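Here is a quick tour for anyone meeting this structure for the first time. Have a look at the sequence and the model, then read on.

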Amino acid sequence: MTTETQDSIQQAEAPPPSSPSPGTMIREARERARLSIEDMAAHTKLARPTLEALERDDYQALLEPVYVRGYYRKCAKLLEIDEERLVAAYNARVVPRALEAPSKLRLASGTELGSSSRLPVSMAVLAAIVAVVVCAFIWFARDDQETYPLPIVGEPSLPGAAAEATPLPAVPLENLIVEPTAAAEDVQPEPTAAPLAQGAPAEEPAVAPGTLRLRFVETSWVRIDDAGGKPLLNQTLGAGAERTLIGQAPLSVFLGNAPGVVVEFEGRVIDIKPFVRGNNTARFTLPPE
């Protein structure tokens with residue numbers, strides 16, 4: 001961040017003590033959701049230093065206010081806090097100030113341009129003429145290049161010599177017929193597995209109690225805790241991934257993109273639609289209460 005950008009942000013008057021800062025609101029909501037900074041970074045796609053600066057209310061370490069408001073909106077959607085209240089708390093503390101244009105501009109040659117100095121017009125005209133001459137030279141030089149045809153494969157190397165084509169010998173049609181190596185009746189069919197008896201159900205493998213299987217149709221962040229609060233899985237997984245966990249029930253499940261995950265518990269597919277919120281996150285326990 002340049003010095004001019006840092007100077008363009010000035011601190012407003014401190015709000016009343018009853019109004020918490022936006023950083024305090026984000027940190028308290030993150031702790032209530034039992035999320036770490038790494039979890040926030042994985043789901044919001046924001047860098048860890050940026051999230052830490054937001055929680056510290058360190059506005060000098062952040063970008064322009066228009067970008068910072070976008071960061072607050074991402075955090076508000078994940079943590080399910082009032083988005084407008086969060087942005088309003090930020091606006092009450094930071095007031096953008098328009099940048100002032102520099103009075104003088106220093107060129108590479110050391111000359112300072114201001115209201116009393118102008119770039120000589122003759123230098124600009126001369127540069128345009130040189131550019132036109134160089135382009136014209138390159139164009140005509142390309143047209144003057146001679147092209148040479150590539151030799152045709154099979155032409156005689158000596159001039160005047162006629163290329164003689166050697167005809168291929170005729171092959172009788174009966175010589176092209178391939179005799180079968182074995183008679184059809186000599187070919188024995190491969191043995192196949194004996195079919196199951198009609199009406200006998202196939203045995204399903206037993207599933208251990210507390211087995212949780214996740215199949216990811218879309219990219220999603222997921223956190224699984226067992227009954228003792230021990231994290232079993234805390235990761236962002238892409239489409240096509242699968243994870244199978246065994247833990248002490250009840251299991252606490254938190255999905256960042258719930259519609260993109262198929263949940264199976266102890267061999268049964270769980271309908272998680274009733275737990276999906278407006279931002280596509282879902283929190284529930286298994287087995288369902």
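Start with helix 5 and helix 6, whose axes come within 9 Å of each other and cross at roughly 145°. Keep in mind that this is a predicted model. The crossing of this pair is right-handed.

Who does the touching? On the helix 5 side, the contact is made by P65, V68, R69, Y72, R73, A76 and K77. Helix 6 answers with E83, E84, L86, V87, Y90 and N91. Sorted by class, the contact between helix 5 and helix 6 has seven nonpolar residues, five charged ones and one polar one.

## The largest core

Now for the largest nonpolar core, which has 29 residues. Inside this core, the residues with the most contacts are L51, L54, Y72 and L79. Helix 5 gives the most, with seven residues.

Setting aside neighbours within four places in sequence, Y72 is in contact with P22, I26, L54, D57, Y59, L86, V87 and Y90. There is also a second, separate core, made of 21 residues, and I224, A241, L251 and A282 are among them.

Next up is an open sheet of four strands, in the order 8-5-10-11, with antiparallel pairing. Strand 8 (242-246) and strand 11 (268-269) are the edge strands, each pairing on one side only.

How many bridges link strand 10 and strand 11? Strand 10 (residues 261-265) pairs with strand 11 over two bridges, in the antiparallel sense. As for E264, the bridge partner in strand 11 is V269.

Let's finish with L214, which lies in strand 5 (residues 211-216). Is this residue, L214, buried or exposed? L214 has a relative accessible area of 1%, so L214 counts as buried, the cut-off for that being under 20%.

L214 touches V222, I224, L233, A241, E242, R243, V261, V262 and V263, not counting residues up to four places away in sequence. Two of these, I224 and A241, are also named in the second core. L214 and E264 are 50 residues apart along the chain, yet their C-alpha atoms are separated by 6.4 Å.

Conventions. Residues numbered from 1 in each chain as written. Predicted model: local features only at pLDDT ≥ 70, side-chain atom pairs only at ≥ 80, totals over all residues. Heavy atoms only, no water. Core = buried A, V, L, I, M, F, W, Y, C linked by side-chain atoms within 4.5 Å. Buried < 20%, exposed > 50% of the residue type's maximum accessible area, 1.4 Å probe, protein only. Contact = heavy atoms within 4.5 Å. Axes fitted to C-alpha atoms, helices over the stretch in contact; angles between N-to-C directions. Left-handed = near helix turned anticlockwise from the far one by under 90°. Nonpolar A, V, L, I, M, F, W, Y, C, P; charged D, E, K, R; others polar. Pairing = 2+ DSSP bridges.
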